Amino acid sequence: MREEQKGAVKNSIGRIFITALLILIQVVWLIELFVRLNKYSTGISLVSSAIALIVVIKIYGRDMNSAMKMPWMILIMAFPVAGVGIYLLCGHSGVNIGIRKHFQALQSELTPLLPDKEDILQKMSDEDRQTANMAHYISHSAGYPVYDNTDLEFYPEAVDGFEAQKEALKQAKKFIFMEYHAIEDKQSFGELKEILARKAKEGVEVRLFYDDIGSIGFINTDFIQRMEAEGIQCRVFNRLMPVLNVFMNNRDHRKITVIDGKIGFTGGYNLADEYFNITHPYGYWKDTGVRLEGDAVRSLTVMFLEMWNAIKGTDTDYTPYFLQDGAQPHEAGLAGSVADRDVGAAQSDANIAADSASGFVQPYADSPLDGEPVGENVYMGVVKAASEYVYFTTPYLIISDEMSRELCLAAKRGVDVRIVTPGIPDKKLVYRVTRSYYAQLASAGVRIFEYTPGFLHAKQCVSDDVTATVGTINLDYRSLYFHFENGVFLHRCEAVQKVREDFEDIFPVCREVTEQYAKKQSAAMKF
């Protein structure tokens with residue numbers, strides 16, 4: 001931990017150790033209980049072995065990623081009693097069934113608030129069927145429509161996005177929603193807090209939402225009380241508790257700001273000093289973000305309201321957060337886009353033609369509770385559709401066999417596939433795991449770069465100068481399977497070229513390690 005943090009977060013860090021110790025005691029006690037019961041007779045031992053075999057077969061037959069199956073199968077076969085016990089506590093699909101139903105109920109309330117954009121999807125299909133297929137997947141499997149009338153600005157540096165964000169917050173008239181994985185109560189957030197407190201005094205509804213684990217090293221335990229004293233409504237997601245709670249493994253990794261339902265911000269950066277290079281714990285911090293203005297912000301609003309009410313369901317009427325400029329709700333539930341409100345075929349056609357020039361924008365969210373790996377599928381869809389090139393930046397590279405195979409296949413069919421990871425790690429063990437994935441990719445022709453100035457935290461990709469994604473989703477196992485995430489899918493927007501230009505600026509300051517890792521991997525690295 002950085003020296004400047006220690007005094008401010010001593011109590012919060014202590015919570016981690018105390019909670020971890022208490023959970024460990026519970027796990028050890030449960031395993032010991034299972035083991036002692038198993039020693040009573042040969043019959044019990046045989047029964048437990050039979051149960052272990054049945055559980056392994058059941059796991060093998062589950063509709064899930066193979067990388068999630070194998071560790072459980074190995075553990076249970078090696079330690080039948082303890083393995084089955086841990087699996088029933090942590091790995092069984094029914095463990096989070098109550099939480100899953102709660103989120104499904106919220107989605108059933110919120111999804112109808114999004115407009116029906118099937119006409120936009122059809123127009124996209126007329127222009128590019130393959131990309132429209134991916135937009136169709138996001139729309140129908142994740143529930144977030146595609147829009148064609150949203151202005152989008154890409155920020156190649158987090159500090160630029162943050163400055164634009166502060167200026168936009170100053171103009172808020174009705175409400176401000178902010179949801180972030182990590183908040184550090186230091187300089188950058190202090191500037192933001194002053195704006196939020198001032199807007200709250202002006203009568204603007206201000207809501208602030210953060211993840212407990214993400215922020216636990218950055219803030220004190222009285223943070224919520226201090227925010228409430230400023231008129232800022234504040235909630236924490238999935239608080240760390242000293243009980244064996246598997247849902248604690250699922251974290252809110254989203255980064256969302258919504259202003260009056262008209263302007264939205266998202267991207268890779270949290271609200272902490274290191275993201276804006278006020279401090280430099282890992283060299284130069286590279287991050288990116290986007291600003292949205294228009295109908296697509298509605299999707300970000302829905303994402304925020306889902307997580308806010310997942311903790312405590314206090315909203316009974318969502319209408320105030322979607323009606324704009326006095327518009328009345330349409331038959332789907334709420335006021336739609338400008339095109340939805342237009343009357344007259346000629347005027348509608350003119351608007352569609354104008355909107356087409358700005359491209360297509362599709363914010364989307366990923367949840368670990370629905371069994372649908374939206375983030376990974378979007379990435380794999382972009383790779384599959386690439387014909388010339390596809391570039392990725394990610395702070396961590398811990399991918400499934402399916403993702404690895406898609407990247408390797410693209411490289412083998414002649415696509416220029418490049419992945420950029422940090423040159424200076426923030427977590428050394430994870431960095432070693434990240435490098436362990438280089439060999440398979442490099443040997444197939446995927447080019448691997450490491451960002452030498454410091455830590456590359458941006459989560460983005462671009463393909464063929466027509467498609468890009470920017471958001472919170474790392475190319476790592478936790479982001480793709482265990483976290484609540486969000487991103488923005490872009491097609492034929494001006495911002496796509498800006499993302500491409502950002503990559504062109506990144507490559508010259510990287511070292512390419514492709515040849516180094518294309519050689520045969522050492523036994524230690526394989527292990």
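Colleague: Why is arginine 500 called buried?

Modeller: Its relative accessible area is 19%. Buried means under 20%, exposed means over 50%, and partly exposed covers what is in between (1.4 Å probe, protein chains only). So 19% puts arginine 500 in the buried group.

Colleague: Before we go on, what am I looking at?

Modeller: This is a predicted model, where local features need pLDDT of at least 70 and side-chain atom pairs count only at pLDDT 80 or more, while totals for chains, interfaces and linings use all residues. Residues are numbered from 1 along each chain as its sequence is written, and side-chain values use heavy atoms, with hydrogens and water left out. Of the 527 residues of the protein, 54% count as buried. The secondary structure comes to 23 helices and 17 strands; helices (H or I, at least four residues) and strands (E, at least two) are DSSP runs numbered from the N terminus.

Colleague: What makes glutamate 504 and arginine 500 a salt bridge?

Modeller: Their closest N and O atoms are 2.7 Å apart. The rule asks for a side-chain nitrogen of Lys or Arg within 4 Å of a carboxyl oxygen of Asp or Glu, so this pair passes. The two residues are four apart in helix 21, which means about one helical turn separates them. Glutamate 504, at 35% relative accessibility, counts as partly exposed.

Colleague: And what is the charged end of arginine 500 doing over a ring?

Modeller: That end sits over the ring of tyrosine 389, 4.5 Å from its centre. The label needs NZ of Lys or CZ of Arg within 6 Å of the ring centre and within 35 degrees of the ring normal. Arginine 418 has such a place too, over the ring of phenylalanine 507, 4.7 Å from its centre.

Colleague: How many salt bridges does a search of the whole structure find?

Modeller: The search gives 24. One of them joins arginine 207 and aspartate 315, with the closest N and O atoms 2.9 Å apart. Arginine 207 lies in strand 3 (residues 205-211) and aspartate 315 in the loop between helix 13 (297-311) and helix 14 (338-341), so the pair ties together parts that are 108 residues apart in sequence. Both partners are buried: arginine 207 at 3%, aspartate 315 at 12%.

Colleague: Which residue forms a salt bridge with lysine 286?

Modeller: Aspartate 502 does, at 2.8 Å between the closest N and O atoms. That joins strand 7 (residues 284-286) to helix 21 (residues 494-506), 216 residues apart. Lysine 286 has a relative accessible area of 3%, so it is buried, and aspartate 502 is buried at 3%.

Colleague: Why do strand 1 and strand 4 count as standing at the edges?

Modeller: Start with the open sheet of seven strands, in the order 1-8-6-5-2-3-4 with mixed pairing. Strand 1 (150-155) and strand 4 (233-237) each have a single partner strand, so one side of each is left without a neighbour in the sheet. Neighbouring strands here are turned by 10 degrees against each other on average, direction ignored.

Colleague: How do you know that strand 1 and strand 8 pair?

Modeller: DSSP has to find at least two bridges between them. Six bridges join strand 1 to strand 8 (residues 289-294), and the two run antiparallel, so they qualify. Leucine 152 stands opposite leucine 292 in strand 8.

Colleague: Why is the pair of tyrosine 391 and phenylalanine 503 called tilted?

Modeller: The structure holds 29 aromatic pairs. In this pair, the ring centres are 5.7 Å apart and the planes stand at 50 degrees. Rings of Phe, Tyr and Trp (its six-membered ring) pair if their centres lie within 6.5 Å; planes under 30 degrees apart are stacked, over 60 edge-to-face, and the rest tilted. So 5.7 Å makes a pair and 50 degrees makes it tilted. The pair links strand 10 (residues 389-393) with helix 21, 112 residues apart, and both tyrosine 391 and phenylalanine 503 are buried.

Colleague: What makes phi of aspartate 260 worth a look?

Modeller: Phi there is near 60 degrees, a positive value in a residue other than glycine. Aspartate 260 is in the loop between strand 5 and strand 6, and at 12% relative accessibility counts as buried.

Key
Axes fitted to C-alpha atoms, helices over the stretch in contact; angles between N-to-C directions.
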